[in-house]
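Work through these exercises with the structure at hand. Try each task before you read its solution.

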Amino acid sequence: MNFEQAVVFACGNEEYAVPIEQVVSIEKLERVTPIPHLPSYLLGFSRNRGELIPVIDLQRILYNRSTSGDIARVIILNTELVNYGLYVSDAREILNIAPELIKQMGLVNYEKTKYFTAVANLEDRMISCIDPNILVNSLEGIREIVQYLHKMLENETEETSI
């Protein structure tokens, strides 16, 4: 995973980063359609540029609290499994990080945090690097949610062709 150019964002009081090549866009949270009985990390589904995507609350995953506030943003990520929105406290900047400042983390072997793949150790701050593919694949129930999403899209396609 290449974090030399990354989107840095806040969640809780900490800073995190995702590789810029996986970021589709950064948006305000507009309309999310909640679906009953989904895991607590999933706010629901939203439309982004015509595509239906699941919206995941990172603060719920990391700190078991909901994200809120006027500066909260959704970072739309492109992954192998599904495009999804990562709801975060604040999208801060696009940062160029020198490769020698990126240290691989030993916590990748810890099951609950294997999506933290590196740390950018900058002069005045430390930024945890998240692999969006590993994050989405580590979420309990995500495969069923993706199947449900595909079923919703099929039904939508059938309705528009009638």
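**Exercise 1.** In this predicted model, find which residues touch the most other members of the largest nonpolar core.

*Solution.* Start with the core itself, which has 30 residues. Phe-9, Ile-56, Leu-58, Tyr-84, Leu-86 and Ile-130 touch the most other members. Next, look at where the core comes from. Helix H3 (residues 142-161) gives the largest share, four residues. Then look beyond this core. A second, separate core has 12 residues, among them Phe-3, Leu-95, Ile-102 and Ile-127.

**Exercise 2.** List residues in contact with Ile-130, leaving aside its neighbours within four places in sequence.

*Solution.* The contacts include Phe-3, Phe-9, Leu-58 and Leu-135. Tyr-16, Tyr-115 and Phe-116 are also in contact with Ile-130. Now check the rings. Ring pairs link Tyr-16, Tyr-115 and Phe-116 with Phe-9 into a cluster.

**Exercise 3.** Classify the ring pair of Phe-45 and Tyr-148 as stacked, edge-to-face or tilted.

*Solution.* The structure holds four aromatic pairs. In this one, the ring centres are 6.0 Å apart and the planes stand at 35°. Stacked needs under 30 degrees and edge-to-face over 60, so the pair is tilted. Now place the partners. Phe-45 lies in strand S4 (residues 42-48) and Tyr-148 in helix H3, so the pair ties together parts 103 residues apart in sequence.

**Exercise 4.** Decide whether Phe-45 and Tyr-148 are buried, partly exposed or exposed.

*Solution.* Buried means under 20% relative accessible area. Phe-45 has 3% relative accessibility, so Phe-45 counts as buried. Tyr-148 has 36%. Exposed means over 50%, with partly exposed in between, so Tyr-148 is partly exposed.

Technical notes:
Residues numbered from 1 in each chain as written. Predicted model: local features only at pLDDT ≥ 70, side-chain atom pairs only at ≥ 80, totals over all residues. Heavy atoms only, no water. Core = buried A, V, L, I, M, F, W, Y, C linked by side-chain atoms within 4.5 Å. Buried < 20%, exposed > 50% of the residue type's maximum accessible area, 1.4 Å probe, protein only. Helix = DSSP H or I, 4+ residues; strand = E, 2+ residues; numbered from the N terminus. Contact = heavy atoms within 4.5 Å. Phe/Tyr/Trp six-rings, centres within 6.5 Å; stacked < 30°, edge-to-face > 60°.
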